[in-house]
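Biologist: I have just opened this one and have not looked at it before. Could you walk me through it step by step?

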Amino acid sequence: MREERGQLSGDQTIAEPYSLWGTIVGNVTAVKGAKFYVRGSIYGNLVVRSGGRVHVYGNVSGDLTVMERSKVIHSGIVGGDAVNLGGRLYIESAARVLGKVRTEDGETTIEPPPDS
């Protein structure tokens, strides 16, 4: 698995097992073959295309878009909207989406917050 620490600038396309512990300033697209773990920050949008798999532990400042036949587990913070266009989107109870969560197609599960 490829690991990145530090900062990358510019739009990135991920097509392999990859773990980000740093920062990407730009938009990120995860395509078929991607198993992308975001433990740092993305200052841009994150699009997960068909066949891509992503787990967001960190921050995405823009929108998260989940395309058909893709899978996303969201445990961190999304600054924009989370839009499911046909994939599987799972939002954990501790996660935050500062915009709206929309499901146009596919399966979206939002874990309920723990009882106080």
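Modeller: Let me begin with two terms: helices (H or I, at least four residues) and strands (E, at least two) are DSSP runs, numbered from the N terminus, and two strands pair if DSSP finds at least two bridges between them. This is a predicted model, in which local features need pLDDT of at least 70 and side-chain atom pairs count only at pLDDT 80 or more, while totals for chains, interfaces and linings use all residues. Residues are numbered from 1 along each chain as its sequence is written, and side-chain values use heavy atoms, with hydrogens and water left out.

Biologist: Okay, which residue is the bridge partner of Lys35 in E10?

Modeller: The partner of Lys35 there is Arg53, and the strands concerned, E7 (residues 35–38) and E10 (residues 53–56), pair in the parallel sense over four bridges.

Biologist: And what joins E10 to strand E13?

Modeller: Four bridges do, with E10 and E13 (residues 71–74) running parallel, and in E13 the bridge partner of Val56 is His74.

Biologist: Switching topic, how many aromatic pairs does the structure hold?

Modeller: It holds one aromatic pair, where rings of Phe, Tyr and Trp (its six-membered ring) pair if their centres lie within 6.5 Å, and planes under 30 degrees apart count as stacked, over 60 as edge-to-face and the rest as tilted. The ring centres of Tyr18 and Phe36 are 5.2 Å apart and their planes stand at 35°, so this pair is tilted. Because Tyr18 lies in strand E4 and Phe36 in strand E7, the pair ties together parts that are 18 residues apart in sequence.

Biologist: Are Tyr18 and Phe36 buried or exposed?

Modeller: Both Tyr18 and Phe36 are buried, where buried means under 20% relative accessible area, exposed over 50% and partly exposed in between (1.4 Å probe, protein chains only).

Biologist: What about Ser19, buried or exposed?

Modeller: Ser19, found in strand E4 (residues 17–20), counts as buried because its relative accessibility is 4%. Leaving aside neighbours within four places in sequence, Ser19 is in contact (heavy atoms within 4.5 Å) with Met1, Arg2, Glu3, Glu4, Tyr37 and Arg39.

Biologist: Last one, where does Gly80 lie?

Modeller: Gly80 lies in the loop between strand E14 (77–78) and strand E15 (82–91), and it is buried, with a relative accessible area of 12%. The C-alpha atoms of Gly80 and Leu98 are separated by 5.8 Å, although these residues are 18 residues apart along the chain.
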